[in-house]
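Biologist: Please show me the model, and I will ask what stands behind the terms you use for it.

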Amino acid sequence: GPPARLYNAIAERPAESRHENTLPYLRTRALSLFFCIVCATFFYKVGDTEYTSGFIMAAISLTLWIVGAFVFGLFGAALGQLGLFVILTVINIAKHRPARDGKKKKSRIVR
């Protein structure tokens, strides 16, 4: 009957294409979704605290995750998030660096 034909069609597929139904594949997808949500939440809070909008940072994080995951896999998506974190760190360091005028400021300790 039809269920037997469907089963035979699935069983006749090459082994590489049957991996979608295995537990490690599902674990990898669940892990990817979990880390995607965690990273988006983290960058939302960073954007809300440090910048004007958390939604923009969360959208950038999600975009990097999706592009990284489709192009390079889970490792590429994680590298995209790490890259975003490093870029934001460098921007914050450069933005808050005191001006170098060659003079040391004296501390004003009141005793």
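**Terms and values**

Modeller: Serine 61 lies in helix α3; helices are DSSP runs of H or I with at least four residues, numbered from the N terminus. This is a predicted model, where local features need pLDDT of at least 70, side-chain atom pairs count only at pLDDT 80 or more, and totals for chains, interfaces and linings use all residues. Residues are numbered from 1 along each chain as its sequence is written, and side-chain values use heavy atoms, with hydrogens and water left out.

Biologist: Why is serine 61 called buried?

Modeller: Its relative accessible area is 1%, and buried means under 20%, exposed over 50%, partly exposed in between (1.4 Å probe, protein chains only). Serine 61 is therefore buried.

Biologist: Which residues does serine 61 touch, not counting those up to four places away in sequence?

Modeller: Cys39, Ala40, Phe43, Gln81 and Leu84; contact means heavy atoms within 4.5 Å.

Biologist: Why is phenylalanine 85 called partly exposed?

Modeller: Phenylalanine 85, also in helix α3, has a relative accessible area of 41%.

Biologist: What makes up the largest nonpolar core?

Modeller: Five residues: Phe43, Val46, Met57, Leu84 and Leu88. A nonpolar core is a set of buried Ala, Val, Leu, Ile, Met, Phe, Trp, Tyr and Cys residues joined through side-chain atoms within 4.5 Å. Helix α3 gives the most to this core, three residues.

Biologist: Which residues is leucine 88 in contact with, leaving aside neighbours within four places in sequence?

Modeller: Leucine 88 contacts Phe43, Val46, Tyr51 and Met57.

Methods. Helices (H or I, at least four residues) and strands (E, at least two) are DSSP runs, numbered from the N terminus.
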